[in-house]
Amino acid sequence: MVDPANILEQFAIGLGRGSLYALVAIGFALIYKVTGVLNFAQGWFSALGAYVVVFLSTPVLISLEIPAIASVAIAIVIGLLLGIILERGIFRYFIGEPVLSVIIVTLALGSIIEGLLRYLVGPGFYSYPDALQPDWSVPLPLGVELSAPFALGVVFAVLSVVLLMLFFKYTVIGSILQAASSDQQAAMVLGVSIERTIVIAWAISLGITAVGGVLLSMSAGGAAIGPLEAVGILIFAAVVFGGIDSILGAFIGAITVGVVESFGTFYLDGIVGGGFGQVLPMILLLIVIIVMPYGLFGTERIERL
């Protein structure tokens with residue numbers, strides 16, 4: 001007999017993990033929406049944000065041991081600055097270049113971050129400070145609880161979606177970003193600074209992604225390369241499912257991936273084999289691509305031949 005408490009518990013876990021995925025997926029969708037860049041290094045940027053906290057708040061590399069909350073704030077600032085540096089130093093030179101060239105660059109960036117992290121810390125698990133392992137939770141019906149990192153993930157993910165949608169709709173800079181995303185060449189003719197819009201998009205994206213990486217590691221008690229390495233493919237599944245250029249779609253897609261992964265792990269791993277929970281979202285992705293190539297909320301592009 002199916003236990004309602006188990007169903008609610010797995011849904012809560014999926015909602016929480018999906019919200020953490022959403023923070024990274026929103027960053028992915030934002031970059032693609034504004035620049036057309038498929039950033040396959042997005043998962044590794046979240047891992048970088050998670051490990052910055054380890055480096056700053058624990059004596060893994062150097063004995064700084066900055067207060068935990070301050071280290072999180074610094075990780076977010078580093079994400080923002082890294083977005084600016086990447087646009088200024090790399091991606092502005094690829095405006096108008098073939099998509100494949102940009103994809104190769106993002107894959108190279110992901111490999112560089114992965115190699116750097118493996119060289120500095122290896123594959124081991126590094127615990128977060130006690131301040132980043134809160135013991136509170138949000139009570140739900142049937143005795144189910146939503147842990148602190150998951151609850152924070154839900155709040156930050158919803159805030160990110162709402163604020164970005166309001167930003168695009170009601171601010172001048174947001175309107176400029178929207179115009180640039182629709183037609184870069186037309187925007188340039190009208191005097192819009194494409195370089196500036198891309199800087200803003202990259203900075204916001206990697207700032208949000210850093211938050212997602214930190215919260216993902218908080219949910220596990222610390223950072224480890226293995227679990228963070230798997231995030232990238234799940235994020236891609238989420239954004240494709242929701243619509244690769246849709247902020248709202250990225251959020252809904254990530255929640256769906258988290259819930260499917262949670263139920264698949266709980267109910268099917270023991271039958272099919274360990275790890276099937278992470279395979280199940282990929283099967284869902286394949287079905288969605290066949291039925292709805294542009295995802296649930298993606299912009300359908302019609303090209304005349």
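I began in helix H2 (residues 42-57), where Tyr51 and Phe55 are four residues apart and so separated by about one helical turn. Helices here are DSSP runs of H or I with at least four residues, numbered from the N terminus. The model is predicted: local features need pLDDT of at least 70, side-chain atom pairs count only at pLDDT 80 or more, and totals for chains, interfaces and linings use all residues. Residues are numbered from 1 along each chain as its sequence is written, and side-chain values use heavy atoms, with hydrogens and water left out.

**Entry: aromatic pairs**

I looked up the ring pairs and found seven in the structure. Tyr51 and Phe55 form one of them, tilted, at 6.1 Å centre to centre and 35 degrees between the planes. I noted the cut-offs: rings of Phe, Tyr and Trp (its six-membered ring) pair if their centres lie within 6.5 Å, and planes under 30 degrees apart count as stacked, over 60 as edge-to-face and the rest as tilted.

I then checked burial. Tyr51 is buried, at 0% relative accessible area, and Phe55 is buried at 14%. Buried means under 20% relative accessible area, exposed over 50%, and partly exposed in between (1.4 Å probe, protein chains only).

Phe263 and Tyr267 form a stacked pair, 6.0 Å centre to centre with 5 degrees between the planes. Both lie in helix H11 (residues 247-272), four residues apart, about one turn of the helix. Phe263 is partly exposed at 23%, and Tyr267 is partly exposed at 32%.

I also found Phe28, Phe40 and Phe236 linked by ring pairs into a cluster.

**Entry: a charge over a ring**

I found Lys33 over the face of Phe168, 5.4 Å from the ring centre. The rule asks for NZ of Lys or CZ of Arg within 6 Å of the ring centre and within 35 degrees of the ring normal.

**Entry: the cavity**

I searched the whole structure and found one cavity of 30 Å³ or more. A cavity is a set of points on a 1 Å grid over the protein atoms alone where a 1.4 Å probe fits but cannot get out; lining residues have an atom within 4 Å of a point. The largest cavity holds about 70 Å³ of space, a volume being the space filled by probe spheres set on the points.

Which elements each supply at least two residues of its lining? I found H2, helix H3 (68-89) and helix H8 (194-220). Among the lining residues are Phe45, Val52, Ile78 and Thr209. By class, the lining has eight nonpolar, three polar and no charged residues. Ala, Val, Leu, Ile, Met, Phe, Trp, Tyr, Cys and Pro count as nonpolar, Asp, Glu, Lys and Arg as charged, and the others, Gly among them, as polar.

Definitions and conventions:
1 Å grid on protein atoms, 1.4 Å probe; cavity = no way out; pocket = protein on both sides within 12 Å on 5 of 7 lines; lining within 4 Å.
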